Amino acid sequence: MRRDQLEHAIRTACQIIQQPEVIVVGSQAILGTYDESQLPDAATMSIEVDILPIADTNAEAARLADLIESVAGELSPFEELHGFSIDGVDLQTAVLPDGWRDRLVKVQNANTAAPAGEPRFTGLCLDKEDLCVAKLVAFRDKDRNFVAALLKANLVDADLIAERLSTVPPKHATAVEQGLTWLTSTR
């Protein structure tokens, strides 16, 4: 995926749910910090963008996520036309460290605007180290490969990832320990 596709996904998701902002939580949130020319191939392989609608309750976020998915999800006409899909997700999708909302990376430009130029929609992308924390808690092969590629390219700080892993809610202690062990083994 490319940065312009992320911006297109942000604009589309906001238009579908008629909200000015959304949060990008999946791997392609890395495109909020770096463009594809700066990233290793393993970091831009996904053809889907995980979008978390901003809502007062998780039930409302899930309802809006379903709306996004029904219009631009996997196997939709949107995906067929543009070559990528938008997955609507809720707050249960990613496990994140304390303070993640304060570190979101804002993406807003002419490409996130409506066709008339206004309004300019906003995508709030996970910070790169917070994204790695979420990936290490999930701990699938593709998640470890994603983090390993960013570490190898010196695009994320392993010490900061470890520090933030320790702030994940205690109910995920086993996953955190697994992530920390893996992170230590990569050094």
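Me: In E3, which residue is the bridge partner of Ile 51?
Reply: Gly 88. The strand labels come from DSSP: strands are E runs of at least two residues and helices are H or I runs of at least four, numbered from the N terminus. This is a predicted model, in which local features need pLDDT of at least 70 and side-chain atom pairs count only at pLDDT 80 or more, while totals for chains, interfaces and linings use all residues. Residues are numbered from 1 along each chain as its sequence is written, and side-chain values use heavy atoms, with hydrogens and water left out.

Me: How many bridges join E2 to E3, and do they run parallel or antiparallel?
Reply: Four bridges, and the strands run parallel. Two strands count as paired if DSSP finds at least two bridges between them.

Me: What's the strand order in the sheet?
Reply: E3-E2-E1-E5-E4, an open sheet of five strands with mixed pairing. E3 (85–88) and E4 (105–107) are at the edges with a single partner strand each, so one side of each has no neighbour in the sheet. From one strand to the next, the twist averages 35 degrees.

Me: How is E4 joined to E5?
Reply: By three bridges, with E4 and E5 (residues 122–125) running antiparallel. Lys 106 has Leu 124 in E5 as its bridge partner.

Me: Back to E3. Which way do its residues point, and are they buried or exposed?
Reply: Ser 85 and Asp 87 point one way, Ile 86 and Gly 88 the other, and all are buried. Buried means under 20% relative accessible area and exposed means over 50%, with partly exposed in between (1.4 Å probe, protein chains only).

Me: Which strands does H1 touch?
Reply: Helix H1 (residues 3–17) packs on the sheet and touches E1 (21–24), E2 (48–53), E3, E4 and E5. Contact means heavy atoms within 4.5 Å. The direction of H1 makes about 130 degrees with that of E1; angles run from 0 to 180 degrees between N-to-C directions, with axes fitted to C-alpha atoms, for helices over the stretch in contact.

Me: And where does H2 lie?
Reply: Helix H2 (residues 58–72) lies across E2 and E3, at about 160 degrees to E3.

Me: New topic: H7. Which of its residues are buried?
Reply: Ala 175, Val 176, Gly 179, Trp 182 and Leu 183. Down the axis of H7 they fall within an arc of 130 degrees, so they line one face of the helix. The arc is taken from the directions from the helix axis to the C-beta atoms.

Me: What's on the face turned away from that buried side?
Reply: The exposed residues Thr 174, Thr 184 and Ser 185.

Me: And what covers the buried residues of H7?
Reply: The cover includes H4 (128–138), H5 (141–152) and H6 (158–165).

Me: Which residues of H6 are buried?
Reply: Ala 158, Ile 161, Arg 164 and Leu 165. They cover an arc of only 130 degrees around the axis, which puts them on the same side of H6. Their cover includes H4, H5 and H7.

Me: Whole protein now. How many helices and strands are there?
Reply: Seven helices and five strands. Along the sequence the pattern is α-β-β-α-α-β-β-β-α-α-α-α.

Me: What is its radius of gyration?
Reply: 16 Å, which agrees with the value near 16 Å for a compact globule of 187 residues. The radius is taken over C-alpha atoms, and the globule rule is 2.2 Å times the number of residues to the power 0.38. Of the 187 residues, 50% count as buried.
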